[in-house]
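Please read this note with the sequence and the model side by side. Each point may be checked against the structure in turn.

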Amino acid sequence: MIGALRPKHQRLVLLLIALGVLLAAGLLAAWALRSQASYFYVPSDIRADPPEPDRAVRLGGMVEKGSIKTEADGVTVAFVVGDGKERVPVRFAGIVPSLFVEGSGVVAEGKLRADGTFIADNLLAKHDENYVPRELQDMAQHQAKQVVAETQ
Amino acid sequence: MIAEFGLIALWLAAALAGLQLLAGALSLTSRGQVLGGIVRPVAVMQGVLCALAFGALIVLFLQTDLSVKLVATNSHSAKPFIYKLSGTWGNHEGSMLLWVTVMGLAGSFVALIERRLPEPTMLATLAGQAFVSLGFYAFLLASSNPFERLPVPPAEGQGLNPLLQDVGLAFHPPTLYLGYVGLSVAFSFAIGALVTRNVGPAFARAMRPWVLGAWIFLTLGISAGSYWAYYELGWGGWWFWDPVENASLMPWLAATALLHSASVLAARNALRAWTVMLGVVAFSMSMVGTFLVRSGILTSVHAFAVDPERGSFILALLVIYIGGALTLFAVRASTVTEGERFALTSREGALVFNNVMLSAILGVVLFGTLYPLMTEAFGQKVSVGPPYFNPMAALFAVPMMIVMAFGPLLRWRQDNFARIRGQLILPALISVGVAAGLFAAEAIGALPLIGLAVAAGLGVASLLPLRGRNLRRTPLPVWGMVLAHFGVAVTLFGMASESAFSVEKLVAARVGQTTEVGPWQVRFVEIQPVAGPNWTALEADMFASYRGGAEVEIRPQARSFWSPPQMTSESALVTRWNGQLYAVLGEETDDGRWQLRLWWKPFVTLIWYGSILIALGGLLALIGRVASDVRRVVARDKIADRRMEMAK
């Protein structure tokens, strides 16, 4: 019992217990983050070094022109995400965001199946005029540079 | 004219804040004591001037004065009145002005009524408050002037983001701000007490109403924000662990811990250094939250127009306040003498446990929120979501709630479990019974199962402190505690039930088709165009029937706003006592069917009812505390009067 300790020690013991718990929480959090954080891939990365099949990741790229197809159930959408080098087929069941259109950027959250198809649980598109997912912002600049390099 | 008037008021208020800081600081020296007299009046004037500046901005928005840049970029003459009003604070500059205004008014209020603490401590507190405000004045005047004029006024304003055109959201940011500002007052009290070496029960009693008030507003603000995200985004979820949501949750966690440690300090004169530390942490978390939201440094589903320059300014403020406060704490911590001792098994012991667990949850949330920033420094882009936050938060929340069930039954100072064992048998049996029943009957996840079991036990246990009391004579703060703890059980039950029993249906339906989701039958009757003041929409007309009962009409919409152009989906809800039906209309398919997304969410509404109970509990405690403070003052005045008469 802490009460049995001398006055000087009670404060110290309480402090040590609190620090111990917080330290344990920090270590646990660091470990959990390593195994649970969802990494961001562009198509060429995900082809070169695919994540484990049950790991949740994010895939970002441009929706290829002419690739969006709605399946017979009316709610499953299949499309292809590309980054100019590689292409990844994506399937998504749900209501697509309003600014999800061919030729524009998208970030898909989900898992890569062993057969190379990406199963998305959620799609993030540009969600208003002023807001672009940050991954897409970087990519748009990167692609702009590529286009400039190719035309010169 | 009005804009210039507002700007002048703002400059004057800033100058007064400078004077308040200077006079307050100098009054603590032996030669500057004479300056102490002006600190309170200056603080009052500063609040009044802020309020005038904010009033000017409101007038500009109501008039849609397009020569003011802020109005032109954020308002539109065709907007409904309520959104013109809420447009005042629905943008960066306006919200920062609201912040300093509330802070100035809080300072005035403290200056006018708070007389319990020794005068030097009060002056140091008001100087601290001025110090915090000055940073925000500098921020407003240097980089976010809300009254800036445009050389050529445009013909029409650009409008307010349609997602923000919502009654719930109109009052969500000011509610959170009131909470943040309340914590800034608590922070100033902590600084004042540290500077004048006066950390004790009187300090805790003076600070407590502000912490309680802040905590009530934060609770309401977070739950309003969560309900807004739930029905406005149309994703069916009520909490996404999004950085902006976490930014509001972290100050709440710190404030909850502070509230409990302050009550230990006020009642038992223990946990002195810890309470001061939490006062600093709680305000730091509001600043971190503001920084995360306003800088746009983290990817968020919440669309804020963000600006890196402003982000660096808030970061600089954050470093100055927090660095300064922590340095002060490090220097003065040794002068804070140890308070009363207590046994491990005691009310204090349970509250320490609560504090440590809340701090651990806070750490876990903070770490998870900032982790993407850390990895980005190494070129790795990640996002952190529910698979991390849910189990990690539960790991510390579940033990905390178990202790919460019996902590209030323990006596202060020293107690033993044998005394309260008898009372705890019933809640423990209920928890075990619920867990066993669910385990046998349904295939649900581990976390929801634990959540439902703990919620059931806690719901009963939270009422036990009322047992054997004369209910009429039970003090309001005790009622408040019971109600808030019961509210936690209610909210937890809603969360666990939603995640355990929700049913989702995604279909492409033809007009006339009936879809089943859980116990509901939803008949899709027709689709038609409708128009509002600044939008047009496609509206589905549907009739929903619960277990074959009477049909209820629901009309989910897919809306297109034209200024600024944007699509949103307006979900439709049917609320029953035991849950909500949630319907979203999607797009038309090529063969003329319509995408529908339907959910049946049993007891989901308990999440928000519970949080209202929590806030109401806080309100009862606040009323009780303030009432007893007032009674004490009245009694003291009476004694003084009597002495005067006797002297005559």
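Predicted model: local features only at pLDDT ≥ 70, side-chain atom pairs only at ≥ 80, totals over all residues.

1. B:Ile361 deserves a separate look. Beyond its neighbours within four places in sequence, B:Ile361 is in contact with B:Leu253, B:Ala393, B:Phe396 and B:Ala397.

2. In chain B, the domain assignment gives domain 1 (1-160) and domain 2 (503-602). The C-alpha centres of these two domains of chain B are 44 Å apart. Six residues of domain 1 are in contact with four residues of domain 2. On the domain 1 side, the touching residues are two nonpolar, three polar and one charged.

3. Which strands pair with E4 (residues 76-82) of chain A? Strand E2 (residues 57-63) of chain A pairs with E4(A) in the antiparallel sense over two bridges, and A:Val63 has A:Val81 as its bridge partner. Strand E3 (residues 69-70) of chain A also runs antiparallel to E4(A), joined by two bridges; here A:Lys69 stands opposite A:Ala78. Strand E5 (residues 87-93) of chain A pairs antiparallel with E4(A) over seven bridges, and A:Pro89 is the bridge partner of A:Val80.

4. Two hairpins complete the picture. The hairpin of E3(A) and E4(A) has five residues between the strands, and A:Gly74 takes a positive phi near 85 degrees there. In the hairpin of E4(A) and E5(A), with four residues between the strands, A:Gly84 has a positive phi near 95 degrees.

Definitions and conventions:
Residues numbered from 1 in each chain as written. Chains lettered and ligands numbered in written order. Contact = placed C-beta atoms within 7 Å. Domains from an automatic or database assignment. Nonpolar A, V, L, I, M, F, W, Y, C, P; charged D, E, K, R; others polar. Pairing = 2+ DSSP bridges.
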